[in-house]
Amino acid sequence: ACGKQGTEEAGKSSSEKESKSDSVNIGMLKLTSSAPLFIGIEKGFFKEENIDAKAQWFEAAQPIAVATAGGSVEVGATGITASLYNMVAGGQKLVIVADKGREQEGYSSSAILVPSDSSIKSVEELKGKKIGITQTGSTYHYMVGRVIENYGLGLGDIEVVPLNSIKGLMESLKSKQVDAVLLNEPNITSVVNEGYGKVISQVGEEIPYQTSGVFFSPKFADNKDAAVRFLKAYAKATRYYYDAVLTKKDGKLVPGENYDEVIDIIAKYTDQEPDVIKQGLPYMDRDGKLLEEDIKTQVDWYAKEKLIDKAIDTKEIVNTELLEEALKE
Amino acid sequence: MRIVVENVAKTFIDSKREVTALQNINFAIEEQEFVVLVGPSGCGKSTLLNIVGGLMSPTDGLVYFEGTNQKQPNLAIVFQEIALFPWRNVFENVVYGLEEQGASKQEIQEKGQHYIDMVGLNGFEKAYPKQLSGGMKQRAGIARALSVEPDLLLMDEPFSALDAQTRTLMQEELLTIWNRTKLSTLYVTHNIQEAVYLADRVIVLSRHPGTIKEIIRIDMPKTGRDSEQNREQFEKYSNQIWDLIRHDAQEALLEG
Amino acid sequence: MRIVVENVAKTFIDSKREVTALQNINFAIEEQEFVVLVGPSGCGKSTLLNIVGGLMSPTDGLVYFEGTNQKQPNLAIVFQEIALFPWRNVFENVVYGLEEQGASKQEIQEKGQHYIDMVGLNGFEKAYPKQLSGGMKQRAGIARALSVEPDLLLMDEPFSALDAQTRTLMQEELLTIWNRTKLSTLYVTHNIQEAVYLADRVIVLSRHPGTIKEIIRIDMPKTGRDSEQNREQFEKYSNQIWDLIRHDAQEALLEG
Amino acid sequence: MTEPRQTITNRVAFLEQRIPKYASVLGITGLLLLWEIICRLNIVPPLFLPAPSAILTDAWEMIATGELFKNLFASLYRVGIGYALGAVLGIVIGLILGFSRWTDAIVTPIVYSIYPIPKIALLPLIILWLGIGEMPKVTIIALGVFFPVVINTFSGVKNVDPILIKAAVTFGSSHANVIRKVILPGSLPMIFAGLKLAAGTSLLLLVSAEMIAAQQGIGAMVLHYGNLMITTKLMVGVLLLSLLGLLFNRGLQWLENKLLPWK
Amino acid sequence: MTEPRQTITNRVAFLEQRIPKYASVLGITGLLLLWEIICRLNIVPPLFLPAPSAILTDAWEMIATGELFKNLFASLYRVGIGYALGAVLGIVIGLILGFSRWTDAIVTPIVYSIYPIPKIALLPLIILWLGIGEMPKVTIIALGVFFPVVINTFSGVKNVDPILIKAAVTFGSSHANVIRKVILPGSLPMIFAGLKLAAGTSLLLLVSAEMIAAQQGIGAMVLHYGNLMITTKLMVGVLLLSLLGLLFNRGLQWLENKLLPWK
Ligand SMILES: Nc1ncnc2c1ncn2[C@@H]1O[C@H](COP(=O)(O)OP(=O)(O)OP(=O)(O)O)[C@@H](O)[C@H]1O
Ligand SMILES: Nc1ncnc2c1ncn2[C@@H]1O[C@H](COP(=O)(O)OP(=O)(O)OP(=O)(O)O)[C@@H](O)[C@H]1O
Ligand SMILES: [Mg+2]
Ligand SMILES: [Mg+2]
């Protein structure tokens with residue numbers, strides 16, 4: 001109900017924009033990858049743009065997309081999964097407007113791991129093996145599929161095992177119930193430190209991948225003024241994030257300016273220890289720009305694997321104009 | 001006001017067979033008359049009482065009140081199983097009928113207490129049925145029936161669950177109460193002594209199908225029937241009835 | 001073999017109060033003797049029977065068999081509530097005790113049939129309890145008790161749930177069976193006529209606390225006690241017992 | 001005969017009312033029809049609530065490709081074993097709890113405190129202990145079945161007339177025989193009520209169970225299409241579960257009538 | 001007196017055994033102790049099964065920061081409303097189903113076919129229908145409570161002695177009064193059995209319910225720490241749920257004793 005109210009207000013204030021601030025509900029997870037949004041809220045970037053941003057915490061990714069498409073929240077921020085494409089194909093419009101984390105060469109994020117005493121050393125050897133992922137149609141599913149394609153394998157050549165939780169993935173790896181799993185940071189570090197797993201392939205080294213994004217409900221996207229202002233604040237936050245944690249010196253990551261502040265903000269919002277957070281900072285475009293190209297690749301891949309019901313036109317779901325306009329100002 | 005039972009018949013249709021429980025039953029209960037139904041087990045006594053009480057439809061015939069003067073006549077039943085509401089205490093049980101008639105609070109209080117006193121249960125108003133002995137439960141059941149001051153009181157073996165001594169004492173008491181209220185009554189029993197002790201008229205039913213074998217008027221004063229001087233006449237009636245049903249009773253025992 | 005009840009006392013301790021149900025009970029049941037316990041409601045008849053039957057511990061005193069010659073004596077009880085297993089048919093109910101004694105299949109078959117015939121239930125072996133009339137159920141209960149050929153047979157008001165006519169007929173039958181088996185028996189009843197009709201000795205209990213008021217030997221031939229010529233003696237015994245318990249019975253009625 | 005008459009009629013006829021056989025089909029078809037109409041009138045977008053006809057079309061297709069049966073059999077196997085395990089354990093433990101007061105006092109609080117623990121929260125632990133094969137799936141279903149059965153069996157035992165136990169003891173039954181020959185049959189009616197409740201629960205839990213590394217199964221199928229937001233196919237799974245629930249219930253009813261001829 | 005004697009002893013003493021009050025605490029403390037020992041011996045890595053002492057330490061800390069109570073109250077509110085809603089609806093519909101044969105014939109198959117539908121599978125649809133506020137959370141809990149209550153109420157009604165209904169009708173009760181004054185009190189014992197079962201279910205479903213955009217709540221807390229793999233804090237939530245289950249059960253038992261003084 002509060003979601004609906006928000007949209008109404010947003011609609012109103014576009015005509016009388018001065019005094020009243022737009023109320024925007026952001027559906028997101030309490031995970032590090034939501035960092036720019038935390039920063040935006042915490043440092044008041046949204047408020048500067050006269051946007052009253054409210055966090056709506058979810059415990060799983062898919063409901064965020066559903067809630068955004070259904071208009072319960074104006075903005076969703078989470079992984080880009082097959083369900084999102086299917087929803088669009090099924091007539092529920094929503095638009096992806098900005099980057100919220102991607103796989104990038106040189107930055108550790110997601111990787112394929114095998115048990116430390118496994119004989120498997122490279123991706124080719126995964127043929128016929130069991131690989132643990134979270135859910136079908138998830139980003140994990142996609143990454144496994146795409147990575148093995150680089151080695152001449154297809155999804156038909158391996159057995160994909162959905163385990164529905166990260167912890168399930170780790171436990172299955174530890175007890176060697178699967179031959180390999182896909183994991184993200186900080187869990188990779190934790191596995192490697194505990195010594196029961198080793199990395200055989202970094203996803204970022206294999207493919208560029210727009211893992212997650214920020215999307216707008218159709219109604220919010222139509223309220224162009226507020227949408228642009230929102231993205232202005234968002235871009236400011238991504239820059240803040242990038243400069244703090246993603247700066248490199250001589251090819252190595254070094255703490256940037258405000259490093260500790262950003263880590264503290266993330267720790268506050270996710271109830272996690274700062275040390276753990278430091279290991280799991282995902283790559284993000286400094287301006288929050290989407291890898292528009294990759295969206296098309298994703299759609300094609302999902303369609304090829306029959307994980308999307310009907311083919312969709314990428315243009316329907318990607319909107320880069322809003323961000324460009326925001327960046328222009 | 002009298003109650004007429006006209007041509008009543010009842011056939012139960014099971015998945016397997018048809019049982020004609022009652023056939024061709026005709027009689028009337030006059031105002032202030034105490035009619036007792038006796039008969040061997042399974043002859044249809046309860047069936048007939050249920051039909052008169054509006055708890056079962058007859059297959060044929062009908063039962064009606066005559067001379068009601070437009071007033072909606074009311075009935076009360078005292079059940080063999082007593083059927084007190086376990087979740088109501090004695091007082092709440094006794095006034096159930098009054099509550100449902102929409103009596104005023106004061107009326108409920110007064111009449112309830114009156115009939116509880118009448119059956120000798122004062123002091124037990126707050127007790128729940130399970131805290132009472134069998135005899136006390138049945139007193140409460142009787143008080144519940146009396147409290148609505150019914151135009152016809154139906155009683156289906158009210159004392160058969162009681163022990164021998166309690167039963168004797170309760171019969172005496174019922175007679176005392178009845179002499180005060182003089183309600184038209186239809187009473188079912190197995191017990192021939194009980195029938196002779198209480199009835200103005202005894203209707204003897206036979207089995208398979210249940211028909212009226214004989215209607216016997218008990219020509220004795222209503223009080224003191226168990227006294228020594230009435231002994232002979234009492235035994236005469238008892239033997240007459242026992243002769244009428246002995247054969248049926250033996251058969252019934254083996255059929256279940 | 002005789003059964004001795006020595007100094008038995010029983011006190012129930014509730015959260016609220018202590019009830020002394022039995023006190024100072026001493027008697028013995030001789031071999032082949034039929035002892036009947038009578039007394040008003042609540043005097044402790046069932047309590048005593050349960051103690052003798054090993055279903056309750058006495059607070060004081062003890063009950064034992066004498067002269068068993070090392071043999072483990074066995075008991076059987078016929079319950080007022082009949083207590084047939086609803087999920088077993090008549091045959092399966094009757095042979096329950098035999099099964100538990102580890103009898104052979106053939107013995108089970110033979111004895112089961114024998115006692116079913118004895119109580120007149122042949123043809124009903126496959127019937128479930130709910131398909132039987134009250135009288136037939138209690139016959140099955142009796143057959144179940146007889147089939148284990150007990151050293152002591154206990155019966156707690158076995159016929160009190162039956163209708164008047166069935167009860168009379170069952171009493172006759174019990175006597176016939178007993179004359180054939182001559183089992184030592186302890187029998188509880190409310191019904192004074194029944195006590196005089198069946199007993200070798202009648203133990204009259206009084207109430208609050210239950211103590212033995214009197215033990216009356218019934219000096220009449222075991223058969224034909226209801227015949228005309230024994231009438232006077234029968235009534236003498238009945239009146240003697242009724243006089244002993246009348247006062248207690250009236251009290252019991254009002255206490256619940 | 002000119003006097004006014006007041007006929008006495010049967011006032012409890014409603015207790016004996018006979019209902020035609022077709023009534024039970026009426027409700028469900030009515031519901032389906034209503035649903036179809038709502039969809040046809042486009043009151044709800046098909047993504048949110050696909051029409052029964054659309055679901056049927058997809059179901060037909062899934063039958064044709066063999067997908068449905070493959071999943072069905074995988075699930076039936078799990079439900080079968082899990083249900084049997086949970087039911088047997090529930091009945092046995094329920095009987096023991098009901099029979100022995102000591103076990104009751106000690107174990108009942110444990111049962112009631114384990115019952116509200118959500119299995120989904122413990123998925124990783126279950127994987128740790130039981131791996132990702134059939135074991136954890138069967139265990140989750142068995143756990144779900146266990147609780148209603150044990151609770152009902154326990155109440156059933158408590159409702160067995162003590163006089164029957166006394167009768168059995170009098171005739172020389174050992175404690176084991178009292179349980180087997182008296183308490184078990186005496187509590188069967190309540191046990192069946194528990195079994196019926198558990199039938200629904202076992203199907204309900206298929207989805208949770210098949211969250212663990214299930215390649216096949218109705219739960220896995222529902223999750224798969226749920227993850228992909230292909231709602232029509234998701235609803236095929238959901239309707240299949242509800243159909244199974246109905247059949248399961250009827251089957252238990254039939255078994256009850258068979259096993260309790262004395263009722 | 002030199003003759004051999006065979007004393008008759010009480011063979012059904014086990015039926016009347018009295019159990020000391022402390023027995024009920026025994027089982028649970030024993031279990032916790034065993035658990036602690038297993039953890040101390042390092043049989044299971046603490047990440048997967050933290051020791052009770054570790055859990056308690058964390059719980060204490062969470063109490064100190066107020067985190068625990070904040071979550072507890074948010075959840076209690078949802079459980080309270082959802083439970084009340086589901087229970088009232090379950091009782092009312094159960095009474096109607098048991099009373100009217102027509103409704104029974106039509107609605108019962110619907111109840112049994114909706115029961116096995118897993119709510120988790122429908123999460124996306126529930127969000128679309130009910131949004132992300134309190135409504136969908138309360139609805140999920142209410143649904144979980146509804147089914148055991150309606151099924152038990154129904155059986156309870158069927159077990160009400162018809163003679164009591166006949167007695168009420170004889171004394172002039174309308175159908176509504178028969179339901180209110182006879183059928184409802186008569187089926188209360190069975191209704192309470194259903195309410196107890198539903199108490200566990202309502203807590204169980206908190207986790208599913210709070211998957212939907214819950215800012216606070218025990219279920220959300222369990223999910224959150226599950227996602228972050230902070231097992232000790234996850235177990236604080238799990239133990240809290242089980243403690244609540246026990247308390248809930250005791251509370252209902254107390255209420256039952258209050259409401260049914262005639263039992
Ligand atoms: N609902 C029923 N369905 C089929 N047969 C029935 C039904 N109720 C009664 N009967 C049959 O109708 C006959 C009369 O039964 P009823 O209960 O009226 O006898 P009764 O005289 O009251 O017996 P009792 O003295 O044992 O109470 C019996 O043969 C009985 O088997
Ligand atoms: N379990 C018990 N707890 C407390 N008091 C009891 C218990 N059982 C019996 N009593 C009391 O002990 C006394 C004797 O009861 P008992 O059942 O033996 O009487 P009875 O002679 O068999 O009565 P009836 O003829 O009504 O069957 C009664 O006052 C009764 O209230
Ligand atoms: Mg009758
Ligand atoms: Mg007794």
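This is a short talk on how the chains of this structure meet, and on a few side-chain pairs inside them.

Keep in mind that the model is predicted.

Let's start with who touches whom. Eight pairs of chains are in contact, and chains D and E share the most contacts among them. Other chains stay apart. Chain A and chain B have no contact, and their closest C-alpha atoms lie 45 Å apart. Chain A does not touch chain C either; there the nearest C-alpha atoms are 48 Å apart.

Now the D and E interface. Chain D puts 67 residues into the contact, and chain E puts in 65 residues. The buried area is about 6200 Å². Carbon and sulfur atoms give 77% of that area.

Look next at the chain D side. Several helices give two or more residues to it, including H1 (23-40), H4 (101-114), H6 (134-159) and H8 (175-204) of chain D. H11(D) gives the most, with ten residues. By class, this side of chain D has 48 nonpolar, 13 polar and six charged residues.

On to chain B and chain D. Here 21 residues of chain B are in contact with eleven residues of chain D. The area buried between chain B and chain D is about 1300 Å², and carbon and sulfur atoms give 50% of it. Salt bridges between chain B and chain D number zero. Residue pairs in polar contact number six, with both residues at pLDDT 80 or more.

Which elements of chain B give two or more residues to this side? Helix H1 (45-52) and strand S4 (60-66) of chain B do. S4(B) has the largest share, at five residues. The chain B side as a whole divides into ten nonpolar, eight polar and three charged residues.

Three bridges join S4(B) to strand S1 (residues 5-7) of chain D, and the two strands run antiparallel. To find the spot on screen, go to Tyr64(B), which stands opposite Thr7(D) in S1(D).

Arg139(C) sits in helix H5 (residues 134-147) of chain C, and Glu173(C) in helix H6 (residues 164-181) of chain C. The two residues are 34 residues apart, and the pair links distant parts of the chain.

Take Tyr242(A) and Tyr283(A). Their rings are edge-to-face, 6.0 Å centre to centre, with 75° between the planes. Why does this pair tie together separate parts of chain A? Tyr242(A) lies in helix H11 (residues 224-245) of chain A, while Tyr283(A) lies in the loop between helix H13 (274-278) and helix H14 (292-304) of chain A, so the pair joins parts that are 41 residues apart in sequence.

Note on methods
Residues are numbered from 1 along each chain as its sequence is written. Chains are lettered from A and ligands numbered from 1 in the order in which they are written. This is a predicted model: local features need pLDDT of at least 70, side-chain atom pairs count only at pLDDT 80 or more; totals for chains, interfaces and linings use all residues. Side-chain values use heavy atoms; hydrogens and water are left out. Contact means heavy atoms within 4.5 Å. Buried area is the accessible area (1.4 Å probe) that two parts lose on being put together, summed over both. A salt bridge is a side-chain nitrogen of Lys or Arg within 4 Å of a carboxyl oxygen of Asp or Glu. A polar contact is a pair of N or O atoms within 3.5 Å; within protein, one must be able to donate a hydrogen and the other to accept it, and residues adjacent in sequence count only if both atoms are side-chain atoms. Helices (H or I, at least four residues) and strands (E, at least two) are DSSP runs, numbered from the N terminus. Ala, Val, Leu, Ile, Met, Phe, Trp, Tyr, Cys and Pro count as nonpolar, Asp, Glu, Lys and Arg as charged, and the others, Gly among them, as polar. Two strands pair if DSSP finds at least two bridges between them. Rings of Phe, Tyr and Trp (its six-membered ring) pair if their centres lie within 6.5 Å; planes under 30 degrees apart count as stacked, over 60 as edge-to-face and the rest as tilted.
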